[in-house]
Amino acid sequence: MKKTYSIQGMHCASCVLKTEKAIKKVIGVTNVVVNLATNRATVEGEVADEAVKKAVESLGYTAESLEQQKLSEEEMSRSAQKLFNDGQRTVSLKAIGMNNPHCAMIVEKVLKDLKGVEKIKVEFATEKVEVDFSEPATVDAIKKAIKEAGYEPLEMQGSNPPAGGQNSVEDREKAAREKEIKILRKKFWVGAVLSTIVFLGSFPEWFSFVPLWLRDWRILFLLATPVQFWVGAQFYKGFWVALKHWTTSMDTLIAIGTSAAYGYSFVATFFPEVFTSANVQPTAYYDTAAIIITLILLGRLLEANAKGKTSEAIKKLMGLRAKTARVVRSGKELDIPIEEVIVGDIVIVRPGEKIPVDGVITDGASAIDESMVTGESIPSDKKEGDTVIGATINKTGAFKFKATKVGAETLLAQIIKLVEEAQGSKAPIQRLADTITSYFVPAVLLIAVVTFGAWWFWNESFTLALFNAIAVLIIACPCALGLATPTAIMVGTGKGAEHGILIRDAEALETAHKLTTVILDKTGTLTKGTPALTDVIGGDTVLQLAASLGNQSTHPLNIPMVEEAKKKGLTLLEVKNFKAIPGMGIEGIINGKLVQLGNAKLIPIESQKDVILKLQSEGKTAMLLAEDGKILGVLAVADTIKETSKEAIAQLHKMGLEVAIITGDNQKTAEAIAQQLGIDRVLAEVLPQDKEKEVKKLQAEGKKVAMVGDGINDAPALAQANIGIAMGTGTDIAMESSDITLMRGDVRGVAQAIMLSRRTMRNIKQNLFWAYAYNTALIPLAAFGILNPIIAAFAMAMSSVSVVTNALRLKRVRL
């Protein structure tokens, strides 16, 4: 049994490790995963909620079972300006500029200090902040606290403006991001110009054309001061906020390092006697402080631009939504904002228009382009009674449809929610990075102090000791470590969504690259799921009896018999005491006699063995019809194999994967289909309830198994498999049990999903390798005095940019 808990109070990777250890000690827990980005713990095993809560609370944190939270996401999004019965309110915001665990920790700490704040949920990967509060806390106070922490608060809730209006969430978020980049760009250019002038004035021996007045340290002080305290203001703000809450961050390292260079130069300029009295020649290093700040700011600017592209998939999905809808109310056609459409509304769609919400066609027909949701480029023909998806495009005809899902219930809204949750989840590979990052900044500060002391002690040079310590502070880059996994996850899950591949979370994305075996359910996955009647041995009487029984059942194999009987004008007979026997067949009383229709498990086949074997060798499903135990005839049904199934299996083989087929069909029929498609292993005559057991058998052989299916009876097997892959054309329950959902019924998407996982994991490993290699190699170089602080600043600025840029390469991957 798997449960999810919201954990509040964690602020770093060490908190995560402590929480995981505490929960693992609870009796009944078999596995636990704690995610700092989402503040959630997923616990497996038979365990009481109270036991988990007690373990978490012993650490000073709070835990709440998400299964007990009854508010839907849509209700929560409306609750920002709405009082609950107990006076509690909730607000959801985006903290623009929050991009790593340290930022999340700072935001959480400043909000905890507000009186009235009860719960805080921070996701740095998606920059989301959700706060439960009551008086005296207010939305404005929460925004102010976030702003003072150095981030731009953007309220996602409250009034519901017309879609696409100037106050829509997407527009406000875009404006906030553009404002952030504009400020960074402005500060960078000011810093670049002033730093260049300071650099020229600092080295007159290199640049003879520099006027005498520019060589004056007092002039250099005036030029460097705006760079230090205006261009670099965000570093001081971040340092101060971290200090107030007794923690450290990337800004701590930058602020201390540049202030040391600036402060040293200030003393040398205005109080040179401090140095001369100690027989030390005073020297100014304004150029070092100014150039370091400017280069780091350049890195932040490039990073902000690049990071904006990592979430393009979500932006594209949000941009798909229609702005208005034409509905029929009181006999009149009205154009209304999409937010005002309600379930049951009759909506009119003309050629070329976007379908506003999900629904069922009541009048008319058309071809609809669903590529933006399913990834399928060929328009889908729709007629009366067919479902339509909001945000898809009507190509040809005009039609009316009845709205069945609106707002957060639409398929597009669910896809956006799923992708956002996946982007905010944590991959297991990130645990090592989190552990190292939690100790990183304090360790760097310690190394800088040791470096300073060692150089001063052995070299007796305060200046050299100071600048080697500064180089250590500046070269260290925990941001590269923090960004290595989340950025690749964001781009990878977004890339999947663009191709109709929905990945539940980062763990599923990671696990998929380890798969060794793929089990494919036959009906609806490898085949079209619409079987046709191919043979009737025994005449119309056999067909009439079979169709009469089949008419009482919902099994797809019975549908073609009923259709064929009606086509021939045969009367369907009354059936009493109807009974469906899973995996065997159906039976009932017709004209006072027991009539059975099924396979050899229900009816002995001895007299018809040769006929049955011949039909099965042709890949057909043969069924016997018996009356009071006597066989009257045989019927055969064949399900058409999808055109893409053979190609999909070839792709899986090319990737080195073993492919198995699982079906309730007999061994001969299954083997015939497997031979046609080139499938390696046949799991035949498997009852629906036994599919899960077959998955376990393969796992017991040491295989990492993916189960691909689309039906209700596939759900247990999907949940048991290492990775469950549901075909989007199937049932909701199958999709809920899966780790990956393919939005179209094309089995080639299985290979695409696994390929995406492999490429994403390769990208993450590259990011982590370079982030670790960078810090491991360059911090010692800085400590040993080999690395100039300016070069260190440039390298540090580029390290984060390189990680994000490398993650963006996933966007160009061809699936």
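The following is a conversation about a predicted model of a protein.

Trainee: How many helices and strands does the protein have?

Mentor: The predicted model has 29 helices and 30 strands.

Trainee: And what share of the residues counts as buried?

Mentor: Of the 815 residues of the protein, 54% are buried. As for contacts between residues at least 6 apart in sequence, 67% of them join residues at least 24 apart.

Trainee: Which residues touch the most other members of the largest nonpolar core?

Mentor: They are Ile475, Val518, Ile740 and Val750, in a core of 116 residues. Helix 28, residues 748-783, gives the most to this core, namely 15 residues. There is also a second, separate core of 26 residues, which includes Val91, Met105, Val129 and Val139.

Trainee: Let us stay with Ile475. What does Ile475 touch?

Mentor: Leaving aside residues up to four places away in sequence, Ile475 touches Tyr774, Asn775, Leu778, Ile779, Ala782, Leu787, Ala792, Ala795 and Met796.

Trainee: Turning to helix 29, how far apart are its end C-alpha atoms?

Mentor: They are 29 Å apart. Helix 29 covers residues 789-808, and at 1.5 Å a residue its 20 residues should span 28 Å, so the two values agree.

Trainee: Why is helix 29 described as largely enclosed by the rest of the structure?

Mentor: Because 15 of its 20 residues are buried.

Trainee: How does one describe two packed helices in general?

Mentor: One gives the angle between their axes and the distance between the axes.

Trainee: At what angle do helix 28 and helix 29 cross, then?

Mentor: Their axes cross at roughly 170° and come within 9 Å. An angle over 145 degrees counts as roughly antiparallel, and helix 28 and helix 29 are therefore roughly antiparallel to each other. On the side of helix 28, the contact is made by Asn763, Gln766, Asn767, Tyr774 and Leu778. Helix 29 contributes Ala792, Ala795, Met796, Ser799, Val803, Asn806 and Ala807.

Trainee: What about helix 16 and helix 29: at what angle do they pack?

Mentor: Helix 16, residues 462-475, packs against helix 29 at an angle of about 5°, and the axes are 8 Å apart. That makes helix 16 roughly parallel to helix 29.

Trainee: Which residues of these two helices meet?

Mentor: From helix 16 there are Phe467, Ile470, Ala471, Ile474 and Ile475. They meet Pro789, Ala792, Ala793, Ala795 and Met796 in helix 29.

Trainee: Do strand 29 and strand 30 pair in the parallel or the antiparallel sense?

Mentor: Strand 29, residues 723-727, pairs with strand 30, residues 740-742, in the parallel sense over three bridges. Opposite Ala726 stands Thr741 of strand 30.

Trainee: And strand 25, how many of its residues are buried?

Mentor: Strand 25, residues 630-638, has seven of its nine residues buried and is mostly covered. Strand 20 (residues 532-537) runs antiparallel to strand 25 and is joined to it by five bridges. Asp535 has Ala636 of strand 25 as its bridge partner.

Trainee: How many bridges are there between strand 24 and strand 25?

Mentor: Strand 24, residues 621-627, pairs with strand 25 over seven bridges, in the antiparallel sense. Glu627 stands opposite Lys630 in strand 25. The two strands form a hairpin with two residues between them, and Asp628 in the turn has a positive phi of about 50°.

Trainee: Where is Asn591 placed?

Mentor: Asn591 lies in the loop between strand 22 (585-590) and strand 23 (593-598). The phi of Asn591 is positive, near 55°, and at 67% relative accessibility Asn591 counts as exposed.

Trainee: Lastly, which residues does the cis peptide bond with omega of about 10° join?

Mentor: It joins Glu135 and Pro136. Pro136 sits in the loop between strand 7 (128-133) and helix 5 (139-148).

Conventions
Residues numbered from 1 in each chain as written. Predicted model: local features only at pLDDT ≥ 70, side-chain atom pairs only at ≥ 80, totals over all residues. Heavy atoms only, no water. Helix = DSSP H or I, 4+ residues; strand = E, 2+ residues; numbered from the N terminus. Expected span 1.5 Å × (residues − 1). Buried < 20%, exposed > 50% of the residue type's maximum accessible area, 1.4 Å probe, protein only. Core = buried A, V, L, I, M, F, W, Y, C linked by side-chain atoms within 4.5 Å. Contact = heavy atoms within 4.5 Å. Pairing = 2+ DSSP bridges. Axes fitted to C-alpha atoms, helices over the stretch in contact; angles between N-to-C directions. Parallel < 35°, antiparallel > 145°, perpendicular 65-115°, else oblique.
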